[in-house]
Amino acid sequence: MAVPSVPGRAPLSAIDYRCRVRPGDPVVPEYHTANAIAYVQSGSFGYRIRGRSHELVAGSLLIGRRGDEYVCTHDHVHGDRCLSFQLDPAAVDAVAGGAAWQLGCLPPLPELIVLGELGIAAIDGASDVGVDEVGLWLVARFAAVATGRALPALTVTARDRGRAVAAALWIDANAEQPIDLASAARQAGLSEFHFLRLFTRVLGVTPKQYVIRARLRRAARLLADDTQPITEIAFAVGFGDLSNFVRTFHRAAGLSPRAFRRAARGDRKILQDRFAGDF
């Protein structure tokens, strides 16, 4: 029924569900193996749970509680895409009480759909915000909507600022290695959720954005100063594949890595054409 495309990791995992149900396929009861929040990006489906029926459309949020039996129906539309965030018990206890997880679904709400679409952009490689970062934001925002209580304001101490700076220095020193939110939070000695809030508050970017920008800084230097092949540069600075590097670099610079290298070597026409388009 669904095709998971993003591997999970505690305390939150993300799954990109692409529905493969066809007209006439039997409806099969399923069980939630974890508390889950799923953003419906496109399509529509029915969701029957605890004797109630819900119709979800693009922008809706499915709310699943661990252990509950449910049925998804496709009486009106076949084919949908959802970004589902699955939480471990510790994360569940941290964000919302039991009543919030019995809602079944939430309608399309502006404060939630913007985060859902950001998560889709992150999974599709169109944003340098981490999918796990978006998931934590969405879960926190859901909790505020469901309970009517916003998260308390984050008080930042001098020690907290030092932790954020130390984390940034660690990222800089290890940017060529695989770095995710969990590893950076462990290095800082904080929970992922608190680390994300603290790092973003102090430095103005998320940890994932800082990782990407650290890699882009190194790539720009290598492209300007070296004759190393572009593919080797991509891997040397920490990008997992060439296409991701080219796409990310072009989004940041407005130029491909190859064109940037030519401009760095004195090709003024590239820069003239680039800046002429900005006016």
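1. Strands β4 (residues 45–49) and β7 (residues 69–73) pair in the antiparallel sense over 4 bridges. Here helices (H or I, at least four residues) and strands (E, at least two) are DSSP runs, numbered from the N terminus, and two strands pair if DSSP finds at least two bridges between them. Within this pairing, Tyr-47 stands opposite Cys-72 in β7. The model is a predicted one, in which local features need pLDDT of at least 70 and side-chain atom pairs count only at pLDDT 80 or more, while totals for chains, interfaces and linings use all residues. Residues are numbered from 1 along each chain as its sequence is written, and side-chain values use heavy atoms, with hydrogens and water left out.

2. The sheet is open and has 4 strands in the order β2-β7-β4-β5, with antiparallel pairing. Its edges are formed by β2 (30–31) and β5 (52–56); each has a single partner strand, so one side of each is left without a neighbour in the sheet.

3. The loop between β4 and β5 holds Arg-50. Arg-50 has a positive phi of about 50° although it is not a glycine. Most residues other than glycine have a negative phi. With a relative accessible area of 35%, Arg-50 is partly exposed; buried means under 20% relative accessible area, exposed over 50%, and partly exposed in between (1.4 Å probe, protein chains only).

4. The count of disulfides (pairs of cysteine sulfur atoms within 2.5 Å) comes to 0. For Cys-72, the closest cysteine sulfur is that of Cys-19, at 7.9 Å, which is too far for a bond. Cys-82 is likewise in no disulfide, its nearest cysteine sulfur being that of Cys-72, 7.9 Å away. Cys-72 is buried at 13% relative accessible area, and Cys-82 is buried at 5%.

5. Aromatic pairs number 7. The rule takes rings of Phe, Tyr and Trp (its six-membered ring) with centres within 6.5 Å; planes under 30 degrees apart count as stacked, over 60 as edge-to-face and the rest as tilted. Tyr-47 and Tyr-70 form a tilted pair, 5.7 Å centre to centre with 55° between the planes. Because Tyr-47 lies in strand β4 and Tyr-70 in strand β7, the pair ties together parts that are 23 residues apart in sequence. Both Tyr-47 and Tyr-70 are buried.

6. Phe-199 and Tyr-210 form an edge-to-face pair, because their ring centres are 5.9 Å apart and their planes stand at 70°. This pair links helix α6 (residues 192–203), which holds Phe-199, with helix α7 (residues 207–225), which holds Tyr-210; the two residues are 11 residues apart. Phe-199 is buried at 0% relative accessibility, and Tyr-210 is buried at 18%. Arg-217 lies over the face of Tyr-210, at 5.7 Å from the ring centre; the rule requires NZ of Lys or CZ of Arg within 6 Å of the ring centre and within 35 degrees of the ring normal. Elsewhere, Phe-239, Phe-245, Phe-249 and Phe-260 form one aromatic cluster.

7. The largest nonpolar core has 42 residues, of which Ile-37, Leu-61, Phe-85, Leu-138, Phe-142, Phe-195 and Phe-199 touch the most other members. Such a core is a set of buried Ala, Val, Leu, Ile, Met, Phe, Trp, Tyr and Cys residues joined through side-chain atoms within 4.5 Å. Leaving aside residues up to four places away in sequence, the contacts of Ile-37 include Leu-61, Ile-63, Phe-85, Trp-101, Leu-138 and Phe-142, where contact means heavy atoms within 4.5 Å.
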